[in-house]
Amino acid sequence: MATKLIGDVILDVKNISLSFGGVKALTDISFNVREHEVRAIIGPNGAGKSSMLNCINGVYTPQQGSISLRGQTFSHMDSHQVATMGIGRTFQNLALFKGMSVIDNIMTGRNLRIKSNLFLQALRIGPAEREEFRHREFVEHIIDFLEIQAYRKTPVGQLPYGLQKRVDLGRALAMEPQVLLLDEPMAGMNVEEKQDMCRFVLDVNQEFGTTVVLIEHDMGVVMDISDRVVVLDYGKKIGDGTPDEVRNNEEVISAYLGTSH
Amino acid sequence: MQTTFPRLLIKHATERPQSPALREKEYGIWQAMDWAALLTMVDHLACGLHQAGLRRDEHMVVVGANRPRLYATMLAVQSLGAIPIPLYQDAAAAECVFPINNASVRFAFAEDQEQVDKLLEIRPQCAQLERIYFDDPRGLRNYDEPGLESLDDLIAAGKIFSGLHTDFLRKEIDKADCHDVAAMFFTSGTTGNPKGVVHTHNTLLNRAKAGADFDKLSSSDEVLAYLPPAWIGQNIFSYAQWLACGYVVNCPESAATVTIDLKEVGPTYYFAPPRVFEGLLTSVMIRMEDAGVIKRRMFQYFMDVAKRVGPALMDGESVSLGERVLYALGNVLVYGPLRNNLGFSRVRVAYTAGEAIGPDLFTFYRSIGINLKQLYGSTETAVFVCLQPDHQARADTVGIPIEGVEIKVADNGEILVKSPGLLKEYYKNPQATAEVLTADGWYHTSDAGFIDAHGHLKIIDRVKDVGRIKGGANDGAMFAPKYVENKLKFFPQIKEVVAYGDGREKVCVMINIDFDAVGNWAERRNLPYAGYTDLAQKPEVYQLIKECVEKVNADLSVDALLAGSQVSRFLVLHKELDADDGELTRTNKVRRGFIAEKYDVLIDALYGGLTSQFIQTQVKFEDGRTGSVSATLKIEDTKTFTPVKAAA
């Protein structure tokens, strides 16, 4: 397999600290993500991984530190702004519209790119209809890419969990993100579903050049697909580097396996 | 019909250039390709392949699901006078080695990454395999193996060549004779290496035409191509008859969407092996059980009417006015919507073949107004030997010999066929050819059967499998394993059966339950189970299966020939028989001898009178890994019935 070209730093996280009341969720975390790479954030339960994503995503506002995207620095991100800037995400506990079909769910991901106004859309007049066709075509390519053609019109709530995760990914892809944040994309899946999901994540990364930041528990998955890994424990960064470097890091080993005293 | 496949393409492209030839559902829309566009694509492909070095009489492998570009590639190969060999897309990589080396194949068409990976895996064993063309580039962007090229590039190169040599394609097509070899199909074979069945343009097209005439097929028909193109049945229906009649072949979006696509296309000419019809019926029945009371009652009432009246109407017999009115009402309320739901609203002719079909299943479809019929044929006969005429479809026969076919039954009960559609030979295997094709032109089918009082052919079993019971109460009685197995398989709860009895004193069977059907049955009875192995060994399941076996015994006891084939003991296997484990052929036929060796402890237990037996079995998963399954299997005795002798 030819090696892909990893570019410059696209997302730079500097000295982030986040606390909820007296609970310190993140303490002075810094790391960066380079263009086109697969970057994993790992750590035991409660290490602050999802909080980290939520900071990048603008859901939480960190008390300290800054995040810069393509050189632009922000002390506070707002979710809508983050999305317009090309960061898409999936959720650990799926936030899909259960009663809506697969197509409609993925279509919602196109929301930011729809130009015609609500009135025209509601009446499906001229340009609005043409625009909808274009978006639908894009969505169809995602459906084809994720191999969920058989479930196009199925309400998402009726699909098995592994497929719902795929729809969630599809919706994030629909906004054509430059950076894709995946919150435990393989959680709760069986081996076969995990393999499929790995392939989709790698395909997204390789075919579209999308930068991927993922949180994952399954070490096998992380070590196989990521270019670099950052390790958190109790809100602190304890390791950062290639999978091999992280695997041999003493602190990481003790965080995962415990230490004898 | 003195023509070739490529000449038929030119004929359609000239006479009706704008009519659709192929449709494929992609990105949610049925995209049509007309005959003129198809000819252009074939032209470019042929030019590209010629430039790449594909020569007359050479073989080229095509492997993949039904896709317009797969069929276009076959046409391009034939246009050059080369011979396409379709291979099964679900075959394991190792199974492709023999055909590729046997025919010294240098060129291959692969549908997607999965097929490309397979061919690359076996490349070290097939040194002559020079070029692999892929249709779908997904996932292949980082492959840099020599000779791996996209079909798009091939077409682009061919387009330039074609621009410089505008009459190249036609000149090449004109060089062919109708008795030239057109295609080669490898038969799965229950033993030894597969054999390449060589067919000429004439053998395939002659039969395609005969079948089309029999059922008055025309260019206005529609078919859905969803079975493997490597299987001659699919190849006849969506390739030979497609070109012979000029109808539209529709390619489904993916294997998972076939039922949805079937509904959307509404084919007029349909073909499926019995298991597909069975699967459809099971899905209907499961949904009916979940339906509301009124719907369920209505369904039951009108299905009873259909059972009584439907087949008679279908066979053109007279039916009382009252019954007719009732059936018409049922048609509006139940049968019509049901046909529509199954995607059979427009079906004019539907066929089933390959395996015996259960009488209940067969009658169900005919009773709701679907013209389901049976046919008899094989790869070696280019399918069409016997077909059932419209008003004479029966579950236990396979029809009458059609135009051009002669049939006789040899002394040992074997059916011999003479037809213009017989194979030319087995490729590079004169010995095997001589065994089946005698000098006087008869093809030995190795099926045992007879022609009944109405002139219909009835098949019992393979000649070599028909045996004799030795010793015991039924000493010397005829034993037809497949006949027994099929009778058991007609029960929806039973998926596979292997029967033993030749040279033994009684008949014993090993059974695979149908996981969906029995699983559903268990859920409805609040019977918890942990998986296939667990469910299979439940005493309730054994009781259920025992009832099925005893019903079959009762049925066999009135058969003059086969009363001695009643089943004395049975067990339910702990794993599903699988082609990946070598227990079934690729066409899902049980490999009785192989299974007997693999499970010899079970056979010993069955005949040794044991009541249970421990077994551990290696299984191969689809991704090539292996694991093992073990269980202690129970063995049960069943009631047999005294043969009812036919009145002398």
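I started with a sheet in chain A: an open one of 6 strands, in the order β6-β7-β8-β3-β9-β10, with mixed pairing. Here strands are DSSP runs of E of at least two residues, helices are runs of H or I of at least four residues, and both are numbered from the N terminus; two strands pair if DSSP finds at least two bridges between them. I noted β6 (87-90) and β10 (236-241) of chain A as the edge strands, each pairing on one side only. Neighbouring strands of this sheet are turned by 15° against each other on average, direction ignored.

A note on what I am reading: this is a predicted model, where local features need pLDDT of at least 70, side-chain atom pairs count only at pLDDT 80 or more, and totals for chains, interfaces and linings use all residues. Residues are numbered from 1 along each chain as its sequence is written, while chains are lettered from A and ligands numbered from 1 in the order in which they are written.

Next I looked up one strand pair. Strand β3 (residues 38-42) of chain A runs parallel to β9 (residues 228-233) of chain A, with 4 bridges. A:Arg39 has A:Arg228 in β9(A) as its bridge partner.

Then I turned to the helices on this sheet. Helix α7 (residues 191-207) of chain A packs on the sheet and touches β3, β7 and β8 (211-215) of chain A; its direction makes about 155° with that of β8(A). Helix α6 (residues 161-174) of chain A lies across β6 and β7 (179-183) of chain A, at about 170° to β6(A). Axes are lines fitted to C-alpha atoms, for helices over the stretch in contact, and angles run from 0 to 180 degrees between N-to-C directions.

I moved on to chain B, which has 21 helices and 28 strands. Its domain assignment, automatic or from a database, gives domain 1 (5-259), domain 2 (274-463) and domain 3 (467-637). The C-alpha centres of domain 1 and domain 3 of chain B lie 39 Å apart. I found 5 residues of domain 1 of chain B in contact with 6 residues of domain 3 of chain B (C-beta atoms, placed from the backbone, within 7 Å).

Last, I checked where the chains meet: the contact takes 11 residues from chain B and 12 residues from chain A. The C-alpha atoms of chain B fill a box of roughly 80 × 60 × 55 Å along the principal axes.

Technical notes
Contact = placed C-beta atoms within 7 Å.
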